[in-house]
Amino acid sequence: MALLLDQIEWEDPILPAVDDPAWEAEAKRRVGRVGEIDRRVAPNPWIRELCVAAVSYQPTHVPMRLFNIASFVTAQENACRYCYGANRAALKVMGFPEALIRQIERDASVAELDVRERAVIAFCRNLARAKPRPSRAALEQLVGLGYSKATAEELALLIASFCFYNRIGVLTACPPERAFERFANGPLGRAVGTVAPLTRALTTLLRRKPQIVADDASELAAGPFGGVVAALAGLPAARIVKTALDGAFASQIVSRPTKALMFAIVGRALDCRYTQAAAGALLAADGFDAAAVDAAVRTLACARLPPHEAALLAWVRDTVHYQTPAVQTQTRALLDDIGRDATLEAIGVAALANGAVRLAMLLE
């Protein structure tokens with residue numbers, strides 16, 4: 001069973017908060033506030049952009065109630081104290097009764113949820129946990145319960161993005177949003193919660209539906225792991241995912257072969273054939289043959305990588321399934337070895353790989 005909020009052990013912050021007034025103004029414009037994570041990822045353009053895009057994304061097919069439940073359940077499953085606390089507080093402010101929240105987090109039978117919503121909770125937990133390996137049949141089961149194919153696929157994408165964001169929180173040991181948590185549990189937060197159902201109904205009526213972008217699938221397919229991106233054609237998130245992958249592999253803070261091997265290792269750990277093949281193609285372009293790739297993925301070592309990046313291969317394997325305090329200790333050791341900028345980029349790549357591979361498994 002997933003840990004409850006007060007059971008999660010959490011280290012002191014691994015990365016410092018960085019003041020970047022221009023970026024903070026942009027984040028506030030798009031999200032409405034600047035969070036602790038935003039200040040810790042600020043030095044890296046592609047990571048900070050993806051974090052803001054993930055938080056500000058407006059689902060096209062998934063109802064906001066399911067969106068909020070899925071975000072909460074995935075954060076709990078990934079044992080991210082930062083995201084779990086913030087999502088729990090958000091549910092209270094949105095009018096979810098404390099008794100309902102407790103039942104959801106304890107995986108109890110919840111009378112207030114119908115069979116379709118309970119299936120979504122199970123889907124969230126199974127995809128985040130990825131043990132055993134989920135498959136496309138899990139998506140088809142949601143469709144069989146009456147969700148549209150587009151809704152099921154967007155839900156999978158959202159869980160993958162939550163897995164990315166949760167790992168940013170875990171691997172930076174981002175301090176919780178204590179002020180928001182206190183607000184949600186205080187008298188003002190409870191008062192807001194009592195009118196939240198009406199506010200949500202009015203917002204639903206007034207909110208403009210996000211525009212469905214008709215991206216060219218062949219254009220989306222160009223670039224690293226383009227098969228995953230092309231499968232999202234028709235969703236606004238497809239462009240977000242492509243921008244993140246392109247940005248990650250264009251950045252030179254961590255070498256491109258190291259990043260491709262990190263994706264391959266996560267793919268091997270989760271038995272994702274597509275990810276391993278796509279990573280192999282990237283590495284072939286950099287002069288790695290199949291035997292060299294297999295040896296690096298199997299042994300978690302590669303003499304051809306820059307020496308200061310060698311430790312990333314074993315470390316990224318431990319970000320797939322982890323105990324929070326242990327992986328935070330390992331990440332802090334990376335900071336001491338390779339410095340802030342390379343550690344931040346490695347965290348972003350590990351988080352992106354874990355999200356992308358979980359999505360790719362369902363689209364195989």
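## Glutamate 345 and its surroundings

Contact here means that heavy atoms lie within 4.5 Å of one another. In this predicted model, and leaving aside residues up to four places away in sequence, glutamate 345 touches Asn44, Trp46, Ile47, Ala248, Ser251, Ile253, Val254 and Lys259. Glutamate 345 belongs to helix H19, which covers residues 324-363, and with a relative accessibility of 0% glutamate 345 counts as buried, because buried means under 20% relative accessible area. Between glutamate 345 and valine 41 there are 304 residues of separation in sequence, yet their C-alpha atoms are 9.0 Å apart in space.

## Helix H3 against helix H19

Two of the residues that glutamate 345 touches, Trp46 and Ile47, also take part in the packing of helix H3 on H19. The axis of H3 (residues 45-56) comes within 9 Å of the axis of H19, and the two cross at roughly 45°, an angle that makes H3 oblique to H19. The crossing of these two helices is left-handed.

On the H3 side the contact is made by Trp46, Ile47 and Leu50, while H19 contributes Leu344, Glu345, Gly348, Val349 and Leu352. Sorted by class, the residues of this contact comprise six nonpolar, one polar and one charged.

## Helices H5 and H6

Helix H5 (residues 81-93) and helix H6 (residues 98-105) have axes that come within 10 Å and cross at roughly 145°, and this crossing is right-handed. Tyr84, Arg88, Leu91 and Lys92 of H5 make the contact together with Glu98, Ile101, Arg102 and Glu105 of H6. In the contact of H5 with H6 there are five charged residues and three nonpolar ones, with no polar residue.

Leucine 100 is also part of helix H6, and at 5% relative accessibility leucine 100 counts as buried. The C-alpha atoms of leucine 100 and glutamate 112 are 7.6 Å apart in space, and the two residues are twelve positions apart in sequence.

Ala119, Val120 and Phe123 of H7 make the contact with Ala138, Leu139 and Leu142 of H8. The contact of H7 with H8 has six nonpolar residues, no polar residue and no charged residue.

The loop between H7 and H8 holds proline 132, and the peptide bond that leads from lysine 131 to proline 132 is cis, with omega near 10°.

Helix H17 (residues 290-299) has Val293, Ala296 and Val297 as its buried residues. Viewed down the axis of H17, these buried residues fall within an arc of 95°, so they line one face of the helix. Ala291 and Arg298 are exposed on the other side of H17. The cover over the buried residues of H17 includes helix H15 (256-269), helix H16 (273-285) and helix H18 (312-317).

Leucine 300 follows H17 and sits in the loop between H17 and H18. Its phi is near 60°, which is a positive value in a residue other than glycine. With a relative accessible area of 25%, leucine 300 is partly exposed.

## A positive phi at phenylalanine 225

Phenylalanine 225 is likewise a residue other than glycine with a positive phi, here near 55°. Phenylalanine 225 lies in the loop between helix H12 (217-221) and helix H13 (226-230). The relative accessible area of phenylalanine 225 is 5%, and this residue is therefore buried, whereas leucine 300, at 25%, is partly exposed.

Note on methods: Residues numbered from 1 in each chain as written. Predicted model: local features only at pLDDT ≥ 70, side-chain atom pairs only at ≥ 80, totals over all residues. Heavy atoms only, no water. Axes fitted to C-alpha atoms, helices over the stretch in contact; angles between N-to-C directions. Helix = DSSP H or I, 4+ residues; strand = E, 2+ residues; numbered from the N terminus. Left-handed = near helix turned anticlockwise from the far one by under 90°. Nonpolar A, V, L, I, M, F, W, Y, C, P; charged D, E, K, R; others polar. Buried < 20%, exposed > 50% of the residue type's maximum accessible area, 1.4 Å probe, protein only. Arc of directions from axis to C-beta. Parallel < 35°, antiparallel > 145°, perpendicular 65-115°, else oblique.
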